[in-house]
Amino acid sequence: MLTETSEWKKLKKHFDEMKKKSIKELFEQDKHRIEKFVIEDVGLYIDFSKNILTENTIELLIKLAEAQRLKQKIEDMFSGKKINNTEDRPALHVALRNRSDNPIYVNGKDVMQDVKAVLKKAGQFAEDLRNGKKRGFTGKRIRYVVNIGIGGSDLGPSAVYEALRDYHKEHITVLFLSNVDPAQIEDVLKIVPWEETVFIVASKTFTTLETMTNAETIKRWLLENAKDKNVVKYHFVATTSNKDAALEFGIDPENIFLFWDWVGGRYSLCSSIGLPVMIAIGKDGFFELLDGFYQMDQHFRNKPFRENIPAILGLIGIWYNNFFGAQTHAVIPYSYRLRKLVLHLQQLDMESNGKSVDREGEPVFYNTGPIVWGGMGTNTQHAFFQLLHQGTRLVPIDFIGFFKPSFTISDHHEKLISNIFAQAEALAFGSNEGPIYKRCLGNKPSNIIMAEKLTPASVGKIIALYEHRTFVQACIWNINPFDQWGVELGKKLAKKIIKDLSLDQITEHDPSTKRLINRYKKLRMLEKSFEYPR
């Protein structure tokens, strides 16, 4: 068991000494501290000096990683071994952004040939749409693209679409339809003219309830407007691993862009699932995004742990989660363009590492994935930062920012950046000035992650950093970060309840759920029997 290893026990003993230390004290004791706790590589500057740790802490954490065979597990992932043991397949998202000529094998086949072929096909489609060569059923130019997906088929693409808005083709607007709530589809259909819109059905299985419900509704809407079933071939696209289901839906084979079962949904951004991003920023911009992912992949695979950004940040997370007992981890990007990033990182981390059994199917008796939350600076400073500064909870924080602005308007960027640095300083060192109710105790840990400028490459590096950070922690905890069986239970019960809502008799449920179903059915019957005035 992890907690019985000598490495864990040494960390526990070390924690008993460190829990009495303060960040301020650590800086006072080591005048060269900042030089020891900064990593600058692959275009990122990582300052992790404002943490409750020493060089000995890092050494002990690295020994724990070595004992858990982290290096070998990294190699297993990159070499296509079946590390997703509950589904008996690789987790090979790194192949999607492999920018080298090196092959990557799955079951003896080099998958890079298929990966490159799909990217080429998607790139050509994106460029044809952008330059007006590919048009709608009536011959009109496409001005809107609606991505119909949910989870990994929505959160990653929509976050990156917003992040790279400054690189968009001006005459094409991409919208994201994810929720099965009819309010969202109503909002979308109020905006888009059918003759000028392409709909991307983004679903790995092509069976996802929310996605397929929305897709079928859009399909009916198109057919009602065009009054010709051929309209589907002009206005629908599929990004999926289920080609047969996409064909059955009526999508033209040329408009089907495949990816593979060894790609997890939350790791699928670099596959054809990224098509809406490619349409928005062009294939060259998308390949620059992939370059950023690839550079971080190579850094993670090849750098020793002491110089390895995802490894260090992952291990620091272990330190706070498992020894200090921190229940959450906050991510605060100081960038309006990255306002959706935290939603993607929530799914990435919490769906991956929200596990309570290990790879051998045994219960774990230590904390695994933290609650990931956050928001956009500086807005969050006026929302929940009061709790961070003077509250009773320990919340490790990642601040993300850029040295250079995307736009130069007066001194806006200087004021933005000054707030990152000021908040990290205030959290770490606090203040004893004034009456007690004004004082901040400090000793609140944070990391600062800075890139030179917000570009496709830098966005790729940051997301890949968090993917690998998540993997590092899963390896330490000996859990599988590539399945999500807990999500499946809710889906299964929802399908059962959907039928119950339309039947006279309902199947077996707990008393609360049964009463809710009956209450809903009663109100719906009253609504349907009432004649609304026209």
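**Exercise 1.** In what order do the five strands of the open sheet with parallel pairing stand?

*Solution.* The model is predicted, so local features require pLDDT of at least 70 and side-chain atom pairs count only at pLDDT 80 or more, whereas totals for chains, interfaces and linings use all residues. Residues are numbered from 1 along each chain as its sequence is written, and side-chain values use heavy atoms, with hydrogens and water left out.

Step 1. Strands are DSSP runs of E with at least two residues, helices are runs of H or I with at least four, and both are numbered from the N terminus. Two strands pair if DSSP finds at least two bridges between them.

Step 2. The order is β6-β5-β7-β8-β9, and the sheet is open. β6 and β9 (256-258) are at the edges with a single partner strand each, so one side of each lacks a neighbour in the sheet.

Step 3. On average, neighbouring strands are turned by 20° against each other, direction ignored. Axes here are lines fitted to C-alpha atoms, for helices over the stretch in contact, and angles run from 0 to 180 degrees between N-to-C directions.

Step 4. Three bridges pair β8 (residues 236-240) with β9 in the parallel sense; Thr-239 stands opposite Phe-257 of β9. Helix α7 (residues 112-130) lies across β5 (144-148), β7 (197-202), β8 and β9, at about 145° to β9.

**Exercise 2.** Is Phe-176 buried or exposed, and which residues does Phe-176 contact beyond its neighbours within four places in sequence?

*Solution.* Step 1. Phe-176 belongs to strand β6 (residues 173-177).

Step 2. Its relative accessible area is 13%. Buried means under 20%, exposed over 50% and partly exposed in between (1.4 Å probe, protein chains only). Phe-176 is therefore buried.

Step 3. With contact taken as heavy atoms within 4.5 Å, the residues are Asn-147, Asp-154, Pro-157, Ser-158, Tyr-161, Gln-184 and Pro-276.

**Exercise 3.** Describe the six-stranded sheet and the helix packed on it.

*Solution.* Step 1. The strands follow the order β1-β2-β13-β12-β10-β11 in an open sheet with mixed pairing. Its edge strands, β1 (38-41) and β11 (371-374), each pair on one side only.

Step 2. β2 (residues 44-47) and β13 (residues 446-451) run antiparallel and are joined by four bridges. Ile-46 has Ile-449 of β13 as its bridge partner.

Step 3. Helix α18 (residues 456-477) packs on this sheet and touches β2, β10 (328-333), β12 (397-402) and β13; its direction makes about 165° with that of β12.

**Exercise 4.** Which residues have the most contacts inside the largest nonpolar core?

*Solution.* Step 1. A nonpolar core is a set of buried Ala, Val, Leu, Ile, Met, Phe, Trp, Tyr and Cys residues joined through side-chain atoms within 4.5 Å.

Step 2. The largest core has 117 residues, and those with the most contacts inside it are Trp-262, Ile-279, Trp-319 and Tyr-466. A second, separate core of 28 residues includes Leu-177, Trp-194, Val-232 and Phe-249.

**Exercise 5.** With which side chain does the side chain of Glu-351 make a polar contact?

*Solution.* Step 1. Glu-351 is located in helix α15 (residues 341-353).

Step 2. A polar contact is a pair of N or O atoms within 3.5 Å; within protein, one must be able to donate a hydrogen and the other to accept it, and residues adjacent in sequence count only if both atoms are side-chain atoms.

Step 3. The partner is the side chain of Arg-266, at 2.9 Å.
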